[in-house]
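Have a look at the sequence and the fold before reading on.

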Amino acid sequence: MQITVKAHFNKQTKDSKKELVQFHVKGEDEKKPELRELTREVVILEIDGVDQKLRCEFNKSTKDSKKTVLEFIVKGDASAENTFNFYKKAGTDVNLKIIEAQMSTDDFEDDHEGVKYKVNNDGTASVVAPDQMSIEDIENEKTEDNESLGESADSLD
């Protein structure tokens, strides 16, 4: 499914967790039923005059008496070049194409930095990384170091 709407590119924001783009649709285009059908789907966004496309999750659509607000969370392989060309259109009226992608939001795994872990049935977390040190490893090292220091001191006598 594909839908084209006339919209005002209201804003594009990015923080450490996500990148969000927001459009305001006014007039007859806000009455298109396809807008509701595509909500919570993965879509491709195209803007006339911008060669790059953005893969996004159509996060939500809200409507009040003056406008319909469309919010998209940028997903996947968005490069700085792609988003920069979209940023340049922020604050202007655009022809926005929303194209349904052939994947679901479950196909995206948001990678996070840090230690891999699993949650046990009792609610505790266990580290999955085999090279991860534990507090017991540090205590064992201290004991071994102290023993070897004691042996060295004995051999000096």
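Which side chain meets K53 in a salt bridge? That would be E46, with N and O 3.3 Å apart.

## Ground rules

This is a predicted model, so to speak of local features takes pLDDT of at least 70, and side-chain atom pairs count only at pLDDT 80 or more, while totals for chains, interfaces and linings use all residues. Residues are numbered from 1 along each chain as its sequence is written, and side-chain values use heavy atoms, with hydrogens and water left out.

## Charged pairs

Side chains of opposite charge can pair when their charged atoms come close. A salt bridge here is a side-chain nitrogen of Lys or Arg within 4 Å of a carboxyl oxygen of Asp or Glu, and by that rule the count is 5. Back to the opening pair: E46 is buried because its relative accessible area is 17%, whereas K53 counts as partly exposed at 47%. (Buried is under 20% relative accessible area, exposed is over 50%, and partly exposed is in between, using a 1.4 Å probe and protein chains only.)

Two other bridges sit in one stretch of sequence. E28 pairs with K31, the closest N and O atoms being 3.7 Å apart, and both E28 and K31 are exposed. D29 pairs with K32 at 3.4 Å between the closest N and O atoms. D29 is buried, at 15% relative accessible area, and K32 is partly exposed at 26%.

## The nonpolar core

In soluble globular proteins, nonpolar side chains tend to be buried together. For this model, a nonpolar core means a set of buried Ala, Val, Leu, Ile, Met, Phe, Trp, Tyr and Cys residues joined through side-chain atoms within 4.5 Å. The largest one has 23 residues, and those with the most contacts inside it are F23, V43, L45, I47, F72, L96 and I98. At least two core residues each come from β1 (2-14), β2 (19-25), α1 (34-38), β3 (42-47), β4 (54-63), β5 (68-74) and β6 (93-100). The largest share, 4 residues, is from β1. These helices (H or I, at least four residues) and strands (E, at least two) are DSSP runs, numbered from the N terminus.

Take F23 as an example. Leaving aside neighbours within four places in sequence, its contacts (heavy atoms within 4.5 Å) include F9, L45, I47, V69, L70, F72, V94 and L96.

## Polar spots and strand residues

Q12 is found in strand β1 and is buried, with a relative accessible area of 9%. Its side chain makes a polar contact with the side chain of E19 at 2.6 Å. (A polar contact is a pair of N or O atoms within 3.5 Å; within protein, one must be able to donate a hydrogen and the other to accept it, and residues adjacent in sequence count only if both atoms are side-chain atoms.) Beyond four places in sequence, Q12 also touches L20, V21, T83, F86 and Y87.

E100 lies in strand β6 and is partly exposed at 28%. Past its sequence neighbours within four places, E100 is in contact with M1, L38, E41, V42 and V43.

Keep an eye on R40, in the loop between α1 and β3. R40 has a positive phi of about 75 degrees although it is not a glycine. At 48% relative accessibility, R40 counts as partly exposed.
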